[in-house]
Amino acid sequence: TEAIGLYNLGQSCCLNSLLQVFLMNIRFTGILRRITVPSSPVQRRNNVPYQMLLLLEKMQCGKCKAVGPTDLACCLSVHRVKLFVQHDAAQLFLTLWNLLKKQMKKPELVEELHDLYTICIQEHLACQKCSFEIKTNSTMLTLPLPVLDANSHRMKTLEESLQYFFHPEELTGQNMCFCQQCGRKTTFLQSMKLICLPQTLTLHLKRFCFERSSRTHKLSHCLTFPQELDFNEVLTENQCQADDSEKATWQYELFAVVAHSGSTSCGHYCAYVRSLTEHKWYCFNDSEVCQVSWDDVKCTYGHSNLYWRETAYLLIYMKKHPQ
């Protein structure tokens with residue numbers, strides 16, 4: 001009945017934050033509860049969906065303020081997920097999701113998991129000398145959104161970052177492509193078009209960038225994000241490749257924020273999650289859990305001169321009116 005924390009096992013704040021985001025999502029736990037339980041003890045110990053289900057049930061007993069995700073962490077280590085090291089939340093999210101998908105034996109659950117999280121886009125390449133075009137459909141688990149433009153100017157809002165991601169780019173000079181129709185390299189226009197958005201949408205703010213010295217630098221300037229997000233208002237007609245019934249579902253509410261504080265070499269993660277049953281915001285900081293306000297969540301917008309403060313890194317939105 002209460003939000004339960006997860007004990008830090010040693011630099012496991014990133015894992016803890018992502019687990020809270022997964023397990024507070026009732027659509028995800030609805031899939032998790034229908035998995036096939038592995039037959040042997042060894043298979044059960046090494047099965048990520050099953051260990052995640054056991055952790056969920058342990059948390060829902062509600063007998064203590066926090067539980068230890070030790071068995072799940074040991075299971076992940078079998079699958080080459082390193083323990084006691086700093087992780088990148090976007091990379092670890094992808095790793096966890098792939099392990100879940102790989103180890104769910106029921107095809108219908110794999111399909112549900114895929115539909116719950118994956119984004120479908122079309123990459124469009126058009127020769128600027130003739131009518132030759134290449135269209136390729138692909139799926140993504142997160143939208144990797146830049147926080148700087150090509151001229152290193154800072155994005156100020158999430159909407160601005162989304163518009164930039166889907167803005168067409170002219171490929172010239174060394175970036176020119178070979179045109180089969182022209183028989184030579186020509187200037188191409190590259191664009192991304194949105195085909196389908198999932199029930200649970202994960203946006204990755206690319207706040208970590210590589211400098212020429214090969215050091216990773218954190219971009220912590222302020223970038224605002226809304227509680228409600230309508231892609232029909234953000235993107236133009238040319239940036240969408242979907243019918244009206246699909247676009248009618250592109251209205252979202254913010255569900256969770258995975259925030260990073262500190263530097264790239266010495267940092268900490270926590271998660272802000274809105275309960276889908278109580279509609280209240282909670283801050284999950286390892287074993288400490290407390291109710292917070294929207295103003296507290298807005299503190300993760302970022303600040304230019306305070307890189308050690310909490311800064312939003314992953315934004316998770318949920319459809320307001322799913323099909």
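In the predicted model, helix α4 spans residues 48-60. The helix has 13 residues. From its first C-alpha to its last, α4 reaches 18 Å, close to the 18 Å expected at 1.5 Å a residue. Much of the helix is listed as buried: V48, P49, Y50, Q51, M52, L53, L55, L56 and M59. An α-helix has 3.6 residues a turn, so residues three or four places apart point the same way. The N-terminal end of α4 is capped by N47. A side-chain oxygen of N47 lies 2.9 Å from the backbone nitrogen of Y50. Y50 itself is among the buried residues of the helix.

The largest nonpolar core has 55 residues. Within this core, F28, Y117 and F255 have the most contacts. The surroundings of Y117 include F22, N25, F28, F93 and W97. Y117 also touches M140, L141, P198 and T200. These contacts leave out residues up to four places away in sequence. A second core is separate and has 40 residues. I119, L201, L235 and C270 are among its members. In soluble globular proteins, nonpolar side chains tend to be buried together.

Charged pairs were then considered. Side chains of opposite charge can pair when their charged atoms come close. The model has six salt bridges. One of them joins E288 to K65, with the closest N and O atoms 2.8 Å apart. E288 lies in strand β17 (residues 288-292), whereas K65 lies in the loop between α4 and β2 (66-67), so the pair ties together parts that are 223 residues apart in sequence. E288 counts as partly exposed because its relative accessibility is 46%. K65, at 48%, is also partly exposed.

Another salt bridge links K320 and E228. Here the closest N and O atoms are 3.3 Å apart. K320 belongs to the segment after β18 (311-319) and E228 to strand β13 (residues 228-230), so the bridge ties together parts that are 92 residues apart in sequence. K320 is partly exposed, with a relative accessible area of 29%. E228 is partly exposed at 49% relative accessibility.

E237 and K247 also meet through their side chains in a salt bridge, at 2.8 Å from N to O. E237 is in the loop between α9 (231-234) and α10 (244-247), and K247 is in helix α10, so this pair ties together parts that are 10 residues apart in sequence. The accessibility of the two partners falls on opposite sides of the cut-offs, which are under 20% for buried and over 50% for exposed. E237 has 60% relative accessibility and therefore counts as exposed. K247 has 9% and therefore counts as buried.

T157 counts as partly exposed, at 26% relative accessibility. A polar atom of the T157 side chain lies 3.0 Å from the backbone nitrogen of E160. Apart from neighbours within four places in sequence, T157 is in contact with L223 and T224. The C-alpha atom of T157 is separated by 21 Å from that of T200, and the two residues are 43 residues apart along the chain. T200, in turn, is one of the residues that Y117 touches.

Notes
Residues are numbered from 1 along each chain as its sequence is written. This is a predicted model: local features need pLDDT of at least 70, side-chain atom pairs count only at pLDDT 80 or more; totals for chains, interfaces and linings use all residues. Side-chain values use heavy atoms; hydrogens and water are left out. Helices (H or I, at least four residues) and strands (E, at least two) are DSSP runs, numbered from the N terminus. The expected span of a helix is 1.5 Å times one less than its number of residues. Buried means under 20% relative accessible area, exposed over 50%, partly exposed in between (1.4 Å probe, protein chains only). A polar contact is a pair of N or O atoms within 3.5 Å; within protein, one must be able to donate a hydrogen and the other to accept it, and residues adjacent in sequence count only if both atoms are side-chain atoms. A nonpolar core is a set of buried Ala, Val, Leu, Ile, Met, Phe, Trp, Tyr and Cys residues joined through side-chain atoms within 4.5 Å. Contact means heavy atoms within 4.5 Å. A salt bridge is a side-chain nitrogen of Lys or Arg within 4 Å of a carboxyl oxygen of Asp or Glu.
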